[in-house]
Amino acid sequence: MYKSAVMQQKFGYDSCPNEFQDKWLDWLIDEAHKQGMQVHAYFEKGIKIDEDSPLFDLAIERGWIVPGVDRTHPGVEHYVLNVEIPEVGKYFTDILVEFVKKYPKIDAVQWDDYLGYHAELPGKVDRTAKLTSFVQNMIKSMKAANPKVSFDICHHNPYWSKRYFAADWENWGVDRVFIQVYADENFAEEMKYVEIYDGISITERQFNRLEELIKNDKIKNILFFPLTGDPAKMADNVKSITSKIK
């Protein structure tokens, strides 16, 4: 969203269409730090794009997309960029390095399960090793540019990530891992992963679990993902629920 020299050089324009102003993020970081808070930059789309992306036609033309449609989330069709292509891998690395240099006081960057290749994509292609190499190089480059920034991920538990998303994140060299638990199925089973890593990420659908999560001393952090697209309302609901927990 910010003005990017990397994007300008690569695609001929410096950001995706939006009303973002550079000073906003600088202001947010400064104000948050005054309050003892951190600011994490969320690279939410990861290596996936959809047909509405400004880059979609170019990606098709240049053969940057792996075959098939990713339907990890019902009703949402994504196309996954092939990080084995040097041009694609270099772009993501360059854009991340540029970001942590442009905003040197950012506390962390965060990626999620969109950093992965769903097992239902066509063909029996194991992209695990290539994805690991790509992420390791990206982290190394980011740390060289700004060693103070934490590289975090919010992903499925290590078994599911590796088995169904080619994401062997235990070998990526990330700083912090938050386990996504966005459904009630196997919720108790997921806790064994949540408790040994850096925390859990939930949506509004797991608010009924919030009290037990807060009272579990082994859970270090709780991330809230506003699935409804209304973070302000979610924050109000979290405040209302937690104020009643003794």
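Visitor: Where does Arg 127 lie?
Guide: This is a predicted model.

Visitor: Is Arg 127 buried or exposed?
Guide: A residue counts as buried when its relative accessible area is under 20%. The relative accessibility of Arg 127 is 10%, so Arg 127 counts as buried.

Visitor: How far apart in space are Arg 127 and Glu 84, C-alpha to C-alpha?
Guide: In sequence, 43 residues separate Arg 127 and Glu 84. From C-alpha to C-alpha, the distance between Arg 127 and Glu 84 is 8.7 Å.

Visitor: Which strands are the edge strands of the open sheet?
Guide: Six strands form this open sheet with parallel pairing, in the order 1-4-5-6-7-8. An edge strand pairs on one side only. The edge strands are strand 1 (40-42) and strand 8 (222-224).

Visitor: Which residue in strand 4 stands opposite Tyr 42?
Guide: Strand 1 and strand 4 (residues 108-112) pair in the parallel sense over three bridges. Within strand 4, the residue opposite Tyr 42 is Gln 110.

Visitor: At about what angle does helix 4 run to strand 4?
Guide: Helix 4 comprises residues 86-102. It lies across strand 1, strand 4 and strand 5 (150-155). Relative to strand 4, helix 4 runs at about 150°.

How values were computed: Residues are numbered from 1 along each chain as its sequence is written. This is a predicted model: local features need pLDDT of at least 70, side-chain atom pairs count only at pLDDT 80 or more; totals for chains, interfaces and linings use all residues. Side-chain values use heavy atoms; hydrogens and water are left out. Two strands pair if DSSP finds at least two bridges between them. Helices (H or I, at least four residues) and strands (E, at least two) are DSSP runs, numbered from the N terminus. Contact means heavy atoms within 4.5 Å. Axes are lines fitted to C-alpha atoms, for helices over the stretch in contact, and angles run from 0 to 180 degrees between N-to-C directions. Buried means under 20% relative accessible area, exposed over 50%, partly exposed in between (1.4 Å probe, protein chains only).
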